[in-house]
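Open your viewer and get your selection tool ready. We will walk through a few stops together, one selection at a time.

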Amino acid sequence: MAQVALNPARASSNERQVHRRRKSRWPRHLPAVRLFLSTLVVGCALSPGCMSRRLDAVERERWARAWIGAINSRSVEQVEPLLRSAAGYISPLAPRVLGPTAAVGHIAGFWRRFPKGRVELKAVHGNRHDIVVEWLAYPQGQGEAIAGATVLTLDRGEIRWVENAYNAALLLKYFYPQKPAGERTGERPAVNTG
């Protein structure tokens, strides 16, 4: 690469072109970049939801109680507003990532399967955008509890993503109850041939 002379007046014409090209490449775009960044900063400063602020403990607790309350209410009208703008809902028993409408149907399926079931808030954790809701679920309303957690990802004051985590194997006995030995499919009762 040609070395550029410190004094452009004494440089050859080829060196002057290299110097001009190098000098003019970035500053030509700089005003547009400055304008874009200043518009972004001013625009975000004027709109309250643009730059997410850190969720404090009170807000995390409020969101967690709203989520658990909506699940325990067994009311589609309480769950739908929370999932209105959710891009995805993940659950161990869901076949895929669900959209808002399918997620409400999935939750309603649990209500039908476990008519006495309830969920109890255990703890709330979180960071800037995520709220981790630890809970205990009682499928029969009392007795055996299943521990789990739900991560609510927020953006501009709305839930954007919901991810549930629990041991789905503990629920299988409720979905597929064991039958007595003679009634199980594939087994034949003992036949007395004597």
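Start by selecting E158 and R160: the two form a salt bridge, with their closest N and O atoms 3.5 Å apart. Here a salt bridge is a side-chain nitrogen of Lys or Arg within 4 Å of a carboxyl oxygen of Asp or Glu. Before you go on, note that this is a predicted model, where local features need pLDDT of at least 70, side-chain atom pairs count only at pLDDT 80 or more, and totals for chains, interfaces and linings use all residues. Residues are numbered from 1 along each chain as its sequence is written, and side-chain values use heavy atoms, leaving out hydrogens and water.

With R84, D155, E158 and R160 selected, you have a linked network of salt bridges.

Now color by accessibility. R84 is exposed at 57% relative accessibility, while E158 is partly exposed at 26% (buried is under 20% relative accessible area, exposed over 50%, partly exposed in between; 1.4 Å probe, protein chains only).

For the last stop, select Y89. Which residues does Y89 touch, not counting those up to four places away in sequence? Among them are W67, L83, I107 and V162, where contact means heavy atoms within 4.5 Å.
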